[in-house]
Amino acid sequence: MSSSERRDRQRVPAKFEVNFIHKGDYLISFSENISVDGIFLYTENPPKLGETTKLQFSVGDLKNEIVLAKVMWVNHAETSDDKGVGLLFVNPSEDLRETILKIVNRVALFDEENL
């Protein structure tokens, strides 16, 4: 079963800057997609599977939101365009969940209208 088949929530494309702090290292990355439960980040140096990292990003009306995230899978692709990490949010705030849900629903509605 592929990781996309195991997802409980719909992910939508979303490219924005994400800062993440892991073991004292401060890294800047960009998202590929997002769901209420998690996010995929492009990175050449991902944390290891199962590790937790701290993310900081702005989404919707939320500025510099901070959330812990657990590494659920790592893509060690040959090209840097595909290298990255799938992260599961750990206890995200209700504001963050609601903001992301609005984005996901808006994108899903837009996709349905353009079928």
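This is a predicted model: local features need pLDDT of at least 70, side-chain atom pairs count only at pLDDT 80 or more; totals for chains, interfaces and linings use all residues.
Reader: Why is His 22 called buried?

Author: Happy to start there! The relative accessible area of His 22 is 12%, and buried means under 20%, so His 22 counts as buried. This residue lies in strand β2, and among its contacts are Pro 47, Glu 51 and Thr 52.

Reader: What makes Lys 23 and Glu 51 a salt bridge?

Author: The closest N and O atoms of Lys 23 and Glu 51 are 3.0 Å apart. The cut-off is 4 Å, so the pair qualifies as a salt bridge. Lys 23 sits in the loop between β2 and β3, while Glu 51 belongs to the loop between β4 and β5, 28 residues apart.

Reader: How many salt bridges are found in the whole structure?

Author: A search finds three. One of them joins Asp 37 and Arg 97, at 3.6 Å from N to O. Asp 37 is in the loop between β3 and β4 and Arg 97 in helix α2, 60 residues apart. Another joins Glu 44 with Lys 83, where the closest N and O atoms are 3.6 Å apart. Glu 44 lies in the loop between β4 and β5 and Lys 83 in the loop between β6 and β7, so this pair ties together parts that are 39 residues apart in sequence.

Reader: Why is Glu 44 called partly exposed?

Author: Its relative accessibility is 44%.

Reader: What makes the pair of Phe 16 and Phe 57 tilted?

Author: Good one to work through! The angle between the planes is 40°. Stacked planes are under 30 degrees apart and edge-to-face planes over 60, so this pair falls into the tilted class. The rings are 5.5 Å centre to centre, within the 6.5 Å needed for a pair. Phe 16 lies in the loop between β1 and β2 and Phe 57 in strand β5, so the pair ties together parts that are 41 residues apart in sequence. Ring pairs also link Phe 16, Phe 57 and Phe 89 into a cluster.

Reader: Why is β7 described as largely enclosed?

Author: Five of the seven residues of β7 are buried, so the strand is largely enclosed by the rest of the structure.

Reader: How do you know that β7 pairs with β4 and β6?

Author: Two strands pair if there are at least two bridges between them. Five bridges join β4 to β7 and seven join β6 to β7, so both cases meet the rule. β4 and β7 run antiparallel, and β6 and β7 do as well. Tyr 42 stands opposite Gly 84 in β7, and Val 74 stands opposite Val 85.

How values were computed:
Residues are numbered from 1 along each chain as its sequence is written. Side-chain values use heavy atoms; hydrogens and water are left out. Helices (H or I, at least four residues) and strands (E, at least two) are DSSP runs, numbered from the N terminus. Buried means under 20% relative accessible area, exposed over 50%, partly exposed in between (1.4 Å probe, protein chains only). Contact means heavy atoms within 4.5 Å. Rings of Phe, Tyr and Trp (its six-membered ring) pair if their centres lie within 6.5 Å; planes under 30 degrees apart count as stacked, over 60 as edge-to-face and the rest as tilted. A salt bridge is a side-chain nitrogen of Lys or Arg within 4 Å of a carboxyl oxygen of Asp or Glu. Lists of a residue's contacts leave out its neighbours within four places in sequence.
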